[in-house]
Amino acid sequence: MATVIDGKALAKKINEQTTQRVEKLQADYGITPGLVVLIVGTDQASERYVRNKHRTAQRLGINSIVRQLPVDISEAELLKIIQQYNNDPTIDGILVQDPLPDQINEKDVTRTILPEKDVDGFHPVNVGKLFIDDSTKYPVSCTPKGIMTMFDEYGISLKGKKAVMIGRSAIVGKPMAALMINAGATVSILNRYTPDIKDYTKDADIIVSATGQLHLLGPDAIKSGAVIIDVGQNMNEQGHLVGDVDYDDVFDKVGFITPVPGGVGPMTIATLMQQSVDLAEWGMQRGK
Ligand SMILES: NC(=O)C1=CN([C@@H]2O[C@H](COP(=O)(O)OP(=O)(O)OC[C@H]3O[C@@H](n4cnc5c(N)ncnc54)[C@H](OP(=O)(O)O)[C@@H]3O)[C@@H](O)[C@H]2O)C=CC1
Ligand SMILES: Nc1nc(=O)c2c([nH]1)NC[C@@H]1CN(c3ccc(C(=O)N[C@@H](CCC(=O)O)C(=O)O)cc3)C=[N+]21
């Protein structure tokens, strides 16, 4: 029998802790964590995620600012806006929502956000710290970090495990692989050119899938008792939100599985809130 990893319930628990931390920062130091989300253009899915983030932040007592920018904004203009928030002491975290239009080079954006305000953990300095498993405090991409919280909560150890990461993006695949390497797993990172992903997935103890491909994994692709973490957000043939994995078909075979919706998604948002407060606390400790 599979255990469902209930991301929604765990997110609620994390959000309660975050609320208490926000209250304490306010009571002890008169500080309210500030998060700014910049969204370029009017991608529907992006707008929905940003709305969710904004609502959650407000509920938790975080000062959340959402700025919708025109789809034809120049890169120079966007970088200037980021600089303004870099210099704004009321802002602790800056997030620029993916995807960005073609005229904007994502890496320029990533480099411009101060590492100390990089709530997504995308800045090269923070990515470098993750790869060297640095012992200081630094932000990490929220989706992979939230998945590590899920492993922890459900007593899933990575040490000595065979883990497969399907996808190699800067937001999910690479940082997730790094976290699993740091936790002692043996990690394979697959991409669209991997000739046959089953060669890897059928032996894996842990599979994290972040591809955005419907029906990527069925029961034939997985080992009995495997842990399945489904990051994908896809619309199926019936117009429902589903993951990369055929959930119902694999359910009886797996050990643990995250549902979509209600798995990784809510944990991404809870981790973003948690990390916004982390940045505010760390800033204060540095004597910002
Ligand atoms: N739940 C959440 O909180 C979040 C969900 N998502 C969702 O996760 C999915 C991935 O997002 P993101 O990482 O941003 O997407 P990207 O498009 O940046 O990356 C997708 C990755 O999947 C790989 N891939 C695509 N098809 C296959 C295949 N058939 N076999 C093996 N690898 C494949 C690509 O390979 P290649 O590099 O070779 O092109 C790429 O590395 C999306 O559905 C997105 O909506 C994303 C972020 C957060
Ligand atoms: N700079 C940046 N940082 C991000 O973290 C980032 C981004 N850009 N661009 C887009 C992706 C995607 N993403 C999601 C967040 C929450 C859900 C989520 O809450 N999903 C719900 C369903 C929500 C719904 O109803 O659509 C669930 O799975 O239960 C999904 C996806 C963050 N992203």
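## Residues around ligand 2

By class, the shell around ligand 2 consists of 9 nonpolar, 6 polar and 3 charged residues, where Ala, Val, Leu, Ile, Met, Phe, Trp, Tyr, Cys and Pro count as nonpolar, Asp, Glu, Lys and Arg as charged, and the others, Gly among them, as polar. This is a predicted model, in which local features need pLDDT of at least 70 and side-chain atom pairs count only at pLDDT 80 or more, while totals for chains, interfaces and linings use all residues. Residues are numbered from 1 along each chain as its sequence is written, and chains are lettered from A and ligands numbered from 1 in the order in which they are written.

Tyr49, Asp98, Pro261, Gly265 and Thr268 come nearest among the 18 residues around ligand 2, a residue being near a molecule or strand if its C-beta atom, placed from the backbone, lies within 6 Å of it. At least two residues of this shell are supplied by each of helix H2 (44-60), strand S4 (93-96) and helix H10 (264-285), and H10 gives the largest share, 4 residues; helices (H or I, at least four residues) and strands (E, at least two) are DSSP runs, numbered from the N terminus.

## Domains

The protein is divided into domain 1 (30-114) and domain 2 (142-264), with bounds that come from an automatic or database domain assignment. Their centres, taken over C-alpha atoms, are separated by 28 Å, and each of the two domains contributes at least three residues to the shell around ligand 2.

## Residues around ligand 1

Around ligand 1 there are 26 residues, of which Gly167, Ser169, Asn191, Gly212 and Thr268 come nearest. This shell divides into 10 nonpolar, 14 polar and 2 charged residues, and its largest share, 3 residues, comes from H10.
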